[in-house]
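Here is a short walk through one protein chain. Keep the sequence and the 3D view open as you read.

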Amino acid sequence: MNESSGTPSKELDFQTDWTYSPAPESTDHIEFPEKNDLFINGKFQPPVNGKYFETLDPSNEEKLADVAEAGQEDIANAVAAASKAYDKVWSKIDPAERGKYIYRIARQIQERAREFAVIESMDGGKPIRESRDVDIPLSAAHFFYYAGWADKLDYAFPGRKTKPVGVAGQIIPWNFPLLMAAWKIAPALAAGNTVVLKPAESSPLTAMKLAEIIQEADLPPGVVNIINGGGETGRALVEHPDIDKIAFTGSTEVGKWIMKSVAGTPKKYSLELGGKAANIIFEDAPIDQAVEGIVNGIFFNQGHVCCAGSRLFVQESVAENVISKLKDRMDTLIVGNPLDKNTDIGAINSKTQLERIKMYVDIGQKEGGQIFQPSCSLPEKGYWYAPTLFTDVSQSHRVVQEEIFGPVLAIQTFRTVDEVIAKANNTPYGLSGGVWTDKGSKIFNVSRDIRAGVIWANTFNKFDPSAPFGGYKESGFGREGGLEGLLPYVDLD
Ligand code: NAP
Ligand code: MG
């Protein structure tokens with residue numbers, strides 16, 4: 001306001017086009033090797049076959065680094081190092097000592113949090129706000145949490161004696177690279193197992209930084225080995241005869257193959273697979289918070305989230321209002337540079353994933369769905385997709401049934417509680433879900449009847465290391481997090 005006259009000043013008129021100024025996180029302090037070797041037996045080693053592959057920054061398609069591809073001999077070396085470390089050291093040392101090493105890893109992640117966050121956003125395309133506020137702090141929290149269990153296993157399962165399982169082969173996807181590594185490594189080590197971890201091909205760099213920390217923490221050689229490579233490397237790790245346990249997070253398709261491969265062997269296994277979560281908005285829900293929760297649930301991390309709320313069910317009486325507010329909110333989402341602190345939606349992780357999203361949106365439109373996309377401009381280089389919502393879709397549409405793993409939301413309406421429960425359960429998946437209502441009793445009724453491992457009430461995508469996470473049906477079995485997250489890594493007497 002112009003203070004003397006009380007009329008709006010010229011400067012204030014500009015505020016109608018108001019945008020945030022760029023606020024990119026600096027990369028000056030970031031260092032990673034141009035060539036990343038395999039981390040085997042406490043040392044960084046080149047691969048026996050000499051092969052390397054590239055990892056890109058998906059926001060500009062530029063190469064970030066070369067990464068060693070582990071072949072059969074490297075896998076054999078890593079498994080042999082893990083077996084030796086298990087027999088000679090890790091299964092034998094005082095559990096309180098094991099805890100100290102794990103605490104050390106947790107503290108180092110905290111100390112180097114900024115570096116980890118920047119590398120995670122560069123290598124995977126996720127907004128810095130998320131890698132900084134979610135991925136990295138939660139990774140440290142998982143190490144802290146399981147460090148605490150290392151010398152208390154007798155209390156974790158009262159009246160039972162725990163024994164570690166042996167060597168765990170662990171395979172993780174690209175959507176939460178460091179966090180998935182933490183979810184796998186921390187409980188395994190706490191329970192006395194040793195590890196061979198394979199990160200995803202498109203986002204291996206934070207796992208290699210974690211290897212540096214593990215080396216600095218002086219973990220006995222061979223307790224944690226990190227080998228990179230694609231699906232073939234993963235397959236060879238699963239098939240290695242000296243692996244005692246497989247922990248896998250990824251697609252249901254590969255999960256099914258793993259089940260077949262380990263059938264008839266003594267290998268234990270746990271699988272965290274895909275999802276198609278129902279996010280349910282009742283008419284008595286706090287609508288503005290719910291709209292924020294919908295945005296968080298599906299556009300968060302470009303929809304690259306297994307538990308993303310990709311199916312929205314809105315009670316008919318409030319549907320028009322919710323959809324209109326959602327569209328307004330989508331108009332304000334900032335898509336762009338993952339390293340900018342204002343960015344809401346970063347880059348799609350890879351070209352393959354971008355093509356998959358485009359394919360599904362095409363299918364949805366051909367099947368009669370109507371799309372809405374805000375008028376955001378996408379950068380020219382790199383892999384990008386605007387947040388998208390589908391209306392006029394029903395239970396049989398493929399965009400409602402199949403996991404897209406991108407920022408694409410399918411909206412349906414409902415009238416009664418029974419109807420929405422039936423619709424929400426009409427999926428082969430059962431990983432997560434959300435319920436928004438003012439009534440506590442409705443929360444309990446609905447969450448009891450939805451067949452999914454995690455249900456959030458009046459919130460979405462909240463995690464804590466003490467809370468178990470995992471699926472029903474084709475979303476897998478075994479839990480990660482909490483006390484239950486130790487179970488896949490122990491034999492109980
Ligand atoms: P993916 O193709 O199954 O890959 C996951 C991991 O398995 C990657 O490291 C991959 O290597 C490796 N891999 C591929 N083929 C393999 C084989 N035959 N044997 C052993 N390992 C193999 O899954 P994605 O498409 O990358 O990841 C997205 C999927 O993961 C989605 O379905 C999502 O829902 C699921 N997910 C689930 C959770 C959960 O907690 N439930 C969490 C995150 C993601 P390369 O990537 O190097 O090829
Ligand atoms: Mg990459």
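A polar contact is a pair of N or O atoms within 3.5 Å; within protein, one of the two must be able to donate a hydrogen and the other to accept it. Keep that cut-off in mind for the side chains below. One caution applies throughout: this is a predicted model.

Start with Arg 112. This residue sits in the loop between α3 (95-111) and α4 (113-124). Is Arg 112 buried or exposed? Its relative accessible area is 15%. Buried means under 20%, so Arg 112 counts as buried. Its side chain has polar partners. One is the side chain of Glu 115, at 2.9 Å. Another is the side chain of Glu 216, at 3.3 Å.

Now move to Thr 55. Look for this residue in strand β4, which covers residues 52-57. Thr 55 has a relative accessibility of 1%, so it is buried. Which side chain makes a polar contact with the side chain of Thr 55? That partner is Asp 123, and the distance is 2.6 Å. The side chain of Thr 55 also reaches a backbone atom, the oxygen of Ser 202, at 3.1 Å.

Setting aside neighbours within four places, its contacts include Glu 62, Lys 63, Leu 64, Ala 65 and Val 67. Asp 123 is on the list too, as are Glu 201, Ser 202, Ser 203, Pro 204 and Leu 205. Take Leu 205 as an example. Along the chain, Leu 205 and Thr 55 are 150 residues apart. Their C-alpha atoms are separated by 8.3 Å.

Step back to the whole chain. The domain assignment gives domain 1 (35-273 + 475-492) and domain 2 (278-464). Domain 1 is written as two segments, so trace both in the viewer. The C-alpha centres of the two domains lie 30 Å apart. Their contact takes 27 residues from domain 1 and 29 residues from domain 2.

The largest pocket has a volume of about 1300 Å³. It is lined by 48 residues, and those closest to its centre are Pro 173, Trp 174, Gly 250, Ser 251 and Val 254. Strand β4 gives two or more residues to this lining, and so do α9 (231-239), β10 (245-249), α10 (252-262) and α13 (351-366). By class, the lining has 20 nonpolar, 16 polar and twelve charged residues. Domain 1 and domain 2 each supply at least three of the lining residues.

The second largest pocket holds about 350 Å³ of space. Its lining has 20 residues. Nearest its centre are Arg 129, Glu 130, Glu 292, Asn 296 and Phe 300. Two helices give two or more residues to this lining: α5 (128-149) and α11 (287-298). The largest share, five residues, comes from α11. Nine of the lining residues are nonpolar, four are polar and seven are charged. Where does the second largest pocket lie? Both domains give residues to its lining, so this pocket lies between domain 1 and domain 2.

Note on methods
Residues are numbered from 1 along each chain as its sequence is written. Chains are lettered from A and ligands numbered from 1 in the order in which they are written. This is a predicted model: local features need pLDDT of at least 70, side-chain atom pairs count only at pLDDT 80 or more; totals for chains, interfaces and linings use all residues. Side-chain values use heavy atoms; hydrogens and water are left out. Helices (H or I, at least four residues) and strands (E, at least two) are DSSP runs, numbered from the N terminus. Buried means under 20% relative accessible area, exposed over 50%, partly exposed in between (1.4 Å probe, protein chains only). Contact means heavy atoms within 4.5 Å. On a 1 Å grid over the protein atoms alone, a cavity is a set of points where a 1.4 Å probe fits but cannot get out, and a pocket is an open set with protein on both sides within 12 Å along at least five of seven lines; lining residues have an atom within 4 Å of a point. Grid points are joined across faces, edges and corners, and a volume is the space filled by probe spheres set on the points. Ala, Val, Leu, Ile, Met, Phe, Trp, Tyr, Cys and Pro count as nonpolar, Asp, Glu, Lys and Arg as charged, and the others, Gly among them, as polar.
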